[in-house]
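Open the model in your viewer and keep the selection panel to hand. Each stop below gives you something to select and then tells you what is there.

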Amino acid sequence: MVSPGGKGEPACTTEEERLEQDVRQNSSTTYKLDEGASLTPLLASAVVANFPSCWLGEFMTHTSSERRFLTCLGVHRSMALFAWMPGTDPIGFVAFLEAGAIKHSLERSKFLPEVVSAMSQAFGDRPRRKEVFVHFVGDLVGEPLKRFFPNDELFHRASVHMEAALRTVGFERFNRELLGIFEEAPENWRLPRFTAASLDSLTGCIVTQNYKPLTEAQTQIGPNLWAALEKEYRRERDVIFHRDGGGQPMTQSKDEWWSLWQLLNHVRTGGFCDWVAVFVLLACAFYLPYKLSVHENRNVIEFGRTPN
């Protein structure tokens, strides 16, 4: 494949081909930290079509046939971990690390065990984990790690702990080139900006939006797509604002509602059998918790009996 802009580059005739070209070009530019990368309207549209994004303090797993782009918005706030395993239906994983979750795990002497466990389950046994590519985008430096390791600056970086924890369960391929992607001069820290990082689970490429001034990003992406990105970002911030400030474990993404919405959207114009299937699923969702509750109460009563 001829690189974008290269001599003799084949013309992209379909939207899918143009999207792949945008992915490759953005991914290659992302690694040129002095230039920065930005989402094209087509790439931004594909990212928005795969919302919800992965929120701070959450992780998610999808195959490329389920969801192509796994995205973190405002990723300069912390650190994103992306993992990808090639195959006929490649598997993608993303975790958006949160300082409160790190503090919670270190107080229990393990570094984000829920993330390590989720990745281990997502990619199978140890031999298969050797095939997985793990990417760190940005890094979480300083607190709360500094509090637990005051005398060793190396351990003030979340990436060091995350890599060590993953190596113990068999992951071996780590890409650290994007750890400093959002580091800027101190005079630029307060400037408004839009940052994003996304794993293309079909190709394994990391695409980003970084270093781009806010107004320039708005103009390039376009008002409609920008409104969708901003809405998702605000929705995440509103939920995070009401979280327990003391810290809690990382959790599976709440995107099960996305799957339900996809199902309902599919049967909206479907036939009778589709609606029956939805009714049965909803009935099971309400009946099973009730049945388990009754069974649990019955066990309490039985165990409380005095033997004859």
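Select Glu-232 to begin. At 6% relative accessibility, Glu-232 is buried (buried means under 20% relative accessible area, exposed over 50%, partly exposed in between, with a 1.4 Å probe and protein chains only). This residue sits in helix H9, residues 223-241. Helices (H or I, at least four residues) and strands (E, at least two) are DSSP runs, numbered from the N terminus.

A word on the model before moving on. It is predicted, so local features need pLDDT of at least 70 and side-chain atom pairs count only at pLDDT 80 or more, while totals for chains, interfaces and linings use all residues. Residues are numbered from 1 along each chain as its sequence is written, and side-chain values use heavy atoms, with hydrogens and water left out.

Now show the neighbors of Glu-232. Leaving aside residues up to four places away in sequence, Glu-232 touches Phe-51, Pro-52, Ser-53, Trp-55 and Leu-73. Contact means heavy atoms within 4.5 Å.

Stay with two of those neighbors. Is the peptide bond from Phe-51 to Pro-52 cis or trans? It is cis, with omega near 10°. Most peptide bonds are trans. Pro-52 belongs to the loop between helix H2 (41-49) and strand E1 (58-63).

Next, select H2 together with helix H1 (residues 15-30). Their axes come within 9 Å and cross at roughly 100°. H1 and H2 are therefore roughly perpendicular (65 to 115 degrees counts as such; under 35 is roughly parallel, over 145 roughly antiparallel, the rest oblique). Axes are lines fitted to C-alpha atoms, for helices over the stretch in contact, and angles run from 0 to 180 degrees between N-to-C directions. Color the contact residues: Glu-15, Arg-18, Leu-19, Asp-22, Val-23 and Asn-26 of H1, and Leu-42, Leu-43 and Ala-46 of H2.

Jump to the loop between helix H3 (99-106) and helix H4 (113-123), where Ser-109 lies. Ser-109 has a positive phi of about 65°, although it is not a glycine. Leu-112 lies in the loop between H3 and H4 too. Its phi is also positive, about 40°, and Leu-112 is not a glycine. Leu-112 is buried, at 0%.

Finally, zoom out to the whole chain. Its secondary structure comes to eleven helices and nine strands. Of its 308 residues, 44% count as buried.
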